Amino acid sequence: MNNRITIGQYLPGDSPVHTLDARIKLLIVLAFMVAAFLIETFTGYAILTVSVLCVTLVAQIPLMRLLKGLKPIFIILLFTFFINVIFTPGHVLFSLGFIKFTEEGLLRATFIAIRLVLLVIGTSILTLTTSPLELTDGIAALLSPLRVVHFPSQVIAMMISIALRFIPTLFDETDKIMRAQKARGADFESGNIIERAKAMIPLFVPLFLNAITRADELGVAMEARCYTGSEHRTRLNPLVMKPRDRVVFIATLAFFVVLCFFF
């Protein structure tokens with residue numbers, strides 16, 4: 001499995017984070033995302049970052065593995081940072097021709113970059129410590145109140161779980177195709193940005209074909225096992241919320257509320 005991608009991968013373990021109820025982890029990550037967008041000071045983000053590092057240590061996840069997972073979004077971070085710096089009005093720090101770098105733009109760009117990094121790391125910790133089956137059951141349980149309006153919660157949960165699971169698989173397929181085409185003389189590294197982008201186009205056809213083939217095989221396998229996505233399906237290991245899970249959720253939620261109100 002591609003170690004550069006952390007979202008969608010599961011790292012087996014028996015840490016306190018691994019054994020936490022999947023529904024509680026999903027709610028905590030949701031509250032974490034809200035807090036990441038509501039915090040408006042560097043002190044608040046520093047506290048939030050320290051808390052994420054503490055959770056990483058408790059979950060026994062290698063820190064370098066999380067940091068490597070940020071490489072695929074580096075271009076997005078750089079582009080977002082640059083756009084916010086030059087297009088946010090305010091006090092001009094310096095200019096390069098018609099491009100003006102403002103103080104307010106720099107502050108806003110920094111906050112957005114921090115938010116993106118924290119969101120990716122938080123989501124990675126969730127998938128690294130929660131098996132695909134638990135993740136599916138957790139999402140389905142949280143969406144179960146929508147059944148009164150005939151919302152297919154189990155089907156949607158399965159779709160989300162499969163999508164997350166196939167992220168690292170697609171990256172692995174891309175690496176294999178690139179190596180195969182390089183062995184046949186393809187060049188993906190020389191030239192300007194436009195030429196490199198054009199060189200990537202031949203990757204899409206085999207990549208999409210492989211993705212469609214995998215999806216078809218997965219559908220056949222699910223039908224062969226009589227999977228219907230019905231809400232009345234039984235589970236081998238049903239989710240059971242323990243008192244410890246409730247205490248962790250209440251304490252974590254209180255922590256995020258304090259961060260949002262005071263920072």
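User: How many residues does the protein chain have, and what share counts as buried?
Analyst: The protein chain has 263 residues, and 35% of them count as buried. Buried means under 20% relative accessible area with a 1.4 Å probe, protein chains only. This is a predicted model: local features need pLDDT of at least 70, side-chain atom pairs count only at pLDDT 80 or more, and totals for chains, interfaces and linings use all residues. Residues are numbered from 1 along each chain as its sequence is written, and side-chain values use heavy atoms, with hydrogens and water left out.

User: What about the accessible surface of the protein chain?
Analyst: About 16200 Å², by the Shrake-Rupley method with a 1.4 Å probe. Carbon and sulfur atoms hold 71% of that surface.

User: Which secondary structure elements does the protein chain have?
Analyst: Nine helices and two strands. These are DSSP runs, numbered from the N terminus: H or I of at least four residues for helices, E of at least two for strands. The pattern along the sequence is α-α-α-α-β-β-α-α-α-α-α.

User: And the box its C-alpha atoms fill?
Analyst: Roughly 65 × 60 × 40 Å, taken along the principal axes.

User: What share of the contacts joins residues 24 or more positions apart?
Analyst: In the protein chain, 73% of the contacts with a separation of 6 or more. Contact means heavy atoms within 4.5 Å.

User: On to the inside. How many residues are in the largest nonpolar core?
Analyst: The largest nonpolar core has 29 residues. Such a core is a set of buried Ala, Val, Leu, Ile, Met, Phe, Trp, Tyr and Cys residues joined through side-chain atoms within 4.5 Å. L48 and F256 have the most contacts inside this core.

User: Which helices supply at least two residues each?
Analyst: α1 (22-38), α2 (42-58), α5 (103-129) and α9 (243-262). The largest share, eight residues, comes from α5.

User: What does L48 touch, beyond its neighbours within four places in sequence?
Analyst: L48 is in contact with F32, A36, I39, L118, F256 and L259. There is also a second, separate core of seven residues, including L126, I139, A140 and A157.

User: New topic. Where is S15, and is it buried or exposed?
Analyst: S15 is in the segment before α1. S15 is buried, with a relative accessible area of 1%.

User: What does its side chain pair with?
Analyst: The side chain of S15 makes a polar contact with the side chain of H18, at 2.6 Å. A polar contact is a pair of N or O atoms within 3.5 Å; within protein, one must be able to donate a hydrogen and the other to accept it, and residues adjacent in sequence count only if both atoms are side-chain atoms. Leaving aside neighbours within four places in sequence, S15 is in contact with V58, A59 and Q60.

Technical notes: Buried < 20%, exposed > 50% of the residue type's maximum accessible area, 1.4 Å probe, protein only.
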